[in-house]
Amino acid sequence: MGALSYDERRGELETYFDRTAVEAWARLTSTAPVSRIRATVRAGRDRMRATLLSYLPANLEGRRLLDAGCGTGALSLQAAQRGADVVAIDISPTLVSLGRERLAASQGAGRIDFRVGDMSDAQLGSFDHVIAMDSLIHYRPADVVRVLAALASRTNHSILFTFAPRTPLLWMMWTIGRLFPRSDRAPALEPLSEAALRREIAAEPALQQWRVGRTQRIASGFYKSQAMELLRR
Ligand SMILES: C[S@@+](CC[C@H](N)C(=O)[O-])C[C@H]1O[C@@H](n2cnc3c(N)ncnc32)[C@H](O)[C@@H]1O
C-alpha cells in the first residue's frame, strides 16, 4: 500500500475526529468518568498540555498564539486564561463547535477565535507562538517538517509540537486502536525517532533560522508522546 499524501491523510483524520471517534474524543477531553485505560491517557495528555504550556512565558498578555489542531480547545482555554490572544483551528467542525460551547461555559476564559480549517493556512496571519499538541502525529515525517516550515514563516518566537516517539515497543503500545473498538480505529501513527526528526529539521532550508530547544517524553499507560520546542535563533 502506497503512502498517503498529506491531503489524503488529512481527509482520513477529518472523518475519524469529526465522526468515528467524536464522542469518545469529547468524553476523553471532558471531566466525565472514563475507563481505567482511558484515564491513563487523559492523565498523560494533562501532563503533556502542562508541559507545552510551561514552555511559554508565564504572562501571555498581548501574545498571539495558534492552537494548531485544537480539538475541543482545552489547551486554548488555559492559554487564554493566561492572557493569550488565541486562534484555535481544527479540521473537525464538530470538535470546534464543542470547543466554542466549552469556551462559552467557562467564564472569563479570555479571547479564543475558533476556526475550522487547516493549521497551515496562511490566511490565519502571524503568531508569537504556535502549539500543535498531538495533531501532527499521524503525518509522515516529510509532511510534518513541511507543515513546521510553513508555520515557521509566520511565527515570531516558538513552535511547540509533539511527535509519537519511535522507541522499541513503546510506540506499538500507543495505538489508539487499543482504546477504541476495531471499527473506531484511529488512522495509524507515524512514529519518529528523535534523531531522525532533528536531522530532518536541520536539513530543511526554511528552518535554518530555527533550533531545537527543550524536549520531553511523556508516557502514561497507553499514552506516549514527546514534546519538542523549536525556537527562532
Ligand atoms: C489527537 S487530536 C489532539 C487535539 C488537541 N490538540 C488536544 O490535544 O486535545 C488531533 C487533532 O488534530 C486535528 N488535525 C489533524 N490534522 C490537522 C490539520 N492539518 N489542520 C488542523 N487540524 C488538524 C484533528 O482533527 C484532531 O482534532
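In the predicted model, helix H3 contributes Arg49, Leu52 and Leu53 to a contact with Ala74, Leu75, Gln78 and Ala79 of helix H4. By class, five nonpolar residues, one polar residue and one charged residue make up this contact of H3 with H4. Helix H3 spans residues 36-54 and helix H4 spans residues 74-81. Their axes lie 11 Å apart and the two helices pack at an angle of about 40°. Because angles under 35 degrees count as roughly parallel and those of 65 to 115 as roughly perpendicular, H3 and H4 are oblique to each other. The crossing of the two helices, H3 and H4, is right-handed.

Arg214 belongs to strand E6, which covers residues 210-220. The relative accessible area of Arg214 is 42%, and this residue is therefore partly exposed, as buried means under 20% and exposed over 50%.

When residues up to four places away in sequence are not counted, Arg214 touches Ser54, Tyr55, Ala227, Met228 and Glu229. Two of these residues, Tyr55 and Glu229, are also partners in polar atom pairs with the side chain of Arg214. With Glu229 the polar contact is between side chains, at 2.8 Å. On the Tyr55 side, the backbone oxygen lies 3.4 Å from a polar atom of the Arg214 side chain.

Note on methods
Residues are numbered from 1 along each chain as its sequence is written. This is a predicted model: local features need pLDDT of at least 70, side-chain atom pairs count only at pLDDT 80 or more; totals for chains, interfaces and linings use all residues. Side-chain values use heavy atoms; hydrogens and water are left out. Axes are lines fitted to C-alpha atoms, for helices over the stretch in contact, and angles run from 0 to 180 degrees between N-to-C directions. Helices (H or I, at least four residues) and strands (E, at least two) are DSSP runs, numbered from the N terminus. Angles under 35 degrees count as roughly parallel, over 145 as roughly antiparallel, 65 to 115 as roughly perpendicular and the rest as oblique. A crossing is left-handed if the near helix is turned anticlockwise from the far one by less than a right angle, and right-handed if clockwise. Contact means heavy atoms within 4.5 Å. Ala, Val, Leu, Ile, Met, Phe, Trp, Tyr, Cys and Pro count as nonpolar, Asp, Glu, Lys and Arg as charged, and the others, Gly among them, as polar. Buried means under 20% relative accessible area, exposed over 50%, partly exposed in between (1.4 Å probe, protein chains only). A polar contact is a pair of N or O atoms within 3.5 Å; within protein, one must be able to donate a hydrogen and the other to accept it, and residues adjacent in sequence count only if both atoms are side-chain atoms.
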